[in-house]
Amino acid sequence: MQRFFKGIGLGIEITARALRLGLLARKGGAVSLSSSKTLPLPAGMVNETFASPNIKDFEGLAAILRSSIQDTTTLPIRRAGLSLPDGIFRVQAIEFDELPANTRDRDRLVRWRLEKGAAFDTANTLLRYQVLPRQDRGCSVLACVAKQEVIAQYEDLLAGLGLEPWAVVPSSFNTMNFYAPYLAAKNIPGYALAWIAEGSYTTIISERGGARFYRYKEIKAGALEDITGRLIRELDDTIHFYLHLDRQQQSEVGHLYLSGEPALIAPLSESLKSATTLKIETLVPSFVLAAGAVADPALAAAFGAGGAL
């Protein structure tokens, strides 16, 4: 995470409910929005499971994606960044006193530690991770795995349209990446970012220059008031747990940033302001895009995927 934008890129987010595309360009350090598009997907076309193939109607999804790309740009785009639902990944933060210098040995050690403590099936998974130095000694590793057959479906989808799949990442990670320039400029020691999607939420806590903690949980369907109440309790419990996770190292999280579905975030933001001492801010794409371009906040994950190219 925390990569900054390079050149021009097409970002795509695919969920069970929607297809989102964003084409970003960078010129002279400014990030501009060339075009974007959001389309609802038919029920049952895509699911968001870890253990089984996600795309149920491959040809149907390919046709929708092909048409959407043609509507989004006439440029000869050759590759695309891809955001996928956090629910198809498994993410863990692991502490190490030291890591091997050799990449192969480091990969094996990270996977071994992940498998040792995992409460899920790690067979036939792809591993990606980020190494974050600790303030005292050692490092934290944010490790992410997904089933090979699941990722292969999405890669084949893009390849069939003549696109090279690039940076296949959980939606929350790409959202953090998209807003990284804005958050870095604030120079805050520690903060939490909550990515609120339809049916789930993810909290990423960043401290001392890197992501230190990750939590994903599904949201049960219900009345908006009930969902808001559950989110408030879950966010409070998550941050409280993190602050007491390491007794040897004092942690500071004073800010909570919200991003994702506007219909869920608006009531959550208002309720949190009266229910917590945290400073609450809702993130919108105009914080990052040049000339304050207005765009749907739910597109942040697609924008982050495009900005990673």
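## Aromatic rings and charges over them

Phe 178 and Tyr 179 are both buried, a word that stands for under 20% relative accessible area, while exposed means over 50% and partly exposed lies in between (1.4 Å probe, protein chains only). Keep in mind that this is a predicted model: local features need pLDDT of at least 70, side-chain atom pairs count only at pLDDT 80 or more, and totals for chains, interfaces and linings use all residues. Residues are numbered from 1 along each chain as its sequence is written, and side-chain values use heavy atoms, with hydrogens and water left out.

Now for the rings. Rings of Phe, Tyr and Trp (its six-membered ring) pair if their centres lie within 6.5 Å; planes under 30 degrees apart are stacked, over 60 edge-to-face, and the rest tilted. That rule gives seven aromatic pairs, including these two:

| Pair | Centres apart | Plane angle | Type |
|---|---|---|---|
| Phe 178 and Tyr 179 | 4.8 Å | 65° | edge-to-face |
| Tyr 182 and Phe 287 | 4.6 Å | 20° | stacked |

Phe 178 and Tyr 179 also join Phe 303 in a cluster linked by ring pairs. What about the other pair in the table? Tyr 182 counts as buried at 18% relative accessibility, whereas Phe 287 is partly exposed, with a relative accessible area of 33%.

Charges can sit over rings too: NZ of Lys or CZ of Arg has to be within 6 Å of the ring centre and within 35 degrees of the ring normal. Arg 79 lies over the face of Trp 166, 4.2 Å from the ring centre, and Arg 113 lies over the face of Phe 96, at 4.7 Å from the ring centre.
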